[in-house]
Amino acid sequence: MNLKSLFHPSVYFSLTLAILAFGLDRAHKAFHVAAECIAIGAAPCVEIFVSYVPFAMTGWRGGEIVRVTDFFDYVLVWNTGVSYGLLDSLPVWGLGVIMMVAIVALSIWWVRADSAMIRMGLALCIGGALSNAVDRLIYGAVADFFHLHWGDWSFYIFNIADVAITLGVILLIADLIGLGGTRKPVS
């Protein structure tokens, strides 16, 4: 990124997207998750497996279920792995290292990007990944809330950061297939 491209509107817009993705997810979790679940280097709430309907929408520790529709539940589940619970046998610090390497790699890509769509997609991915990394640091796992299901079929449980990451990946794929505008010819 040269000095001239630093002042391009896509830089500011994508930074705003990253901050929004991060901020909305952090605010959502700060509202619902109990303060006693915050423990750097420990995970006091992660091992709770009780399933119940909560009395209030704040102070959740894990296992809360609020049925919203026949196909959507609002819950608090702790994800100790990455997507779909993969790598959940790794220690928290190991997952943290993997996430930090990914965030640094995405940030380098963002700096080098020359397309607004790529910058926006990467910014959403970075904001979401950074918020999930903060979860691992302060809770020992990622707090997930939204559960879509139909009959016996269950879609994975996700959070606002995951939505931001998914939207970011969709933007990157859209750019890859040519929906991001004109491409420079490779010479």
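## Aromatic pairs

The structure, which is a predicted model, holds 10 aromatic pairs, where rings of Phe, Tyr and Trp (its six-membered ring) pair if their centres lie within 6.5 Å, with planes under 30 degrees apart counted as stacked, over 60 as edge-to-face and the rest as tilted. One of these pairs is formed by Y74 and F146, whose ring centres are 5.7 Å apart and whose planes meet at 55 degrees, so the pair is tilted. This pair links distant parts of the chain, since Y74 belongs to strand 2 (residues 72-79) and F146 to strand 3 (residues 142-150), 72 residues apart. Y74 is buried, with a relative accessible area of 9%, and F146 is buried as well, at 17%; here buried means under 20% relative accessible area, exposed over 50% and partly exposed in between, with a 1.4 Å probe and protein chains only.

F155 and Y156 form a tilted pair too, because their ring centres lie 4.9 Å apart and their planes are at 55 degrees. F155 is partly exposed, with a relative accessible area of 29%, and Y156, at 22%, is likewise partly exposed.

## Basis of the model

Residues are numbered from 1 along each chain as its sequence is written, and side-chain values use heavy atoms, with hydrogens and water left out. Because this is a predicted model, local features need pLDDT of at least 70 and side-chain atom pairs count only at pLDDT 80 or more, while totals for chains, interfaces and linings use all residues.

## The chain as a whole

The secondary structure of the chain comes to five helices and four strands, and from the N terminus on the elements run α-α-β-β-α-α-β-β-α. Helices (H or I, at least four residues) and strands (E, at least two) are DSSP runs, numbered from the N terminus.

Of the 187 residues in the chain, 40% are buried. Among contacts between residues at least 6 apart in sequence, 64% join residues at least 24 apart, a contact meaning heavy atoms within 4.5 Å. The chain exposes about 10900 Å², of which carbon and sulfur atoms supply 73%, and these accessible areas come from the Shrake-Rupley method with a 1.4 Å probe, only the protein chains shown counting as cover for residues.

## Helix 2 and its residues

Helix 2 (residues 9-32) has 24 residues and reaches 35 Å from its first C-alpha to its last, close to the 34 Å expected at 1.5 Å a residue; the expected span is 1.5 Å times one less than the number of residues. Its buried residues are S10, V11, S14, L17, A18, A21, D25, R26, H28, K29 and H32. Y12, which also lies in helix 2, is partly exposed, with a relative accessible area of 44%. The C-alpha atoms of Y12 and M120 are separated by 9.7 Å, although the two residues are 108 apart along the chain.

D25 is found in helix 2 and is buried, with a relative accessible area of 0%. Its side chain makes a polar contact of 2.5 Å with the side chain of S131, a polar contact being a pair of N or O atoms within 3.5 Å, of which, within protein, one must be able to donate a hydrogen and the other to accept it, with residues adjacent in sequence counting only if both atoms are side-chain atoms. Leaving aside neighbours within four places in sequence, D25 is in contact with S131, N132, N159, I160 and A161.

## Helix 5 and its ends

Helix 5 (residues 160-176) has 17 residues and reaches 24 Å from its first C-alpha to its last, close to the 24 Å expected at 1.5 Å a residue. At the start of helix 5, a side-chain oxygen of N159 reaches to within 3.0 Å of the backbone nitrogen of A161, and helix 5 is followed by G178, whose phi is positive, near 100 degrees.

The buried residues in helix 5 include A161, D162, A164, G168, L172, A174 and D175.

## The disulfide

C37 and C45 form a disulfide, their sulfur atoms 2.0 Å apart, and the count for the structure comes to one disulfide when a disulfide is taken as a pair of cysteine sulfur atoms within 2.5 Å. The torsion about the S-S bond of C37 and C45 is about -90 degrees, so the disulfide is left-handed. Both C37 and C45 are buried, and C125, at 5% relative accessibility, also counts as buried.
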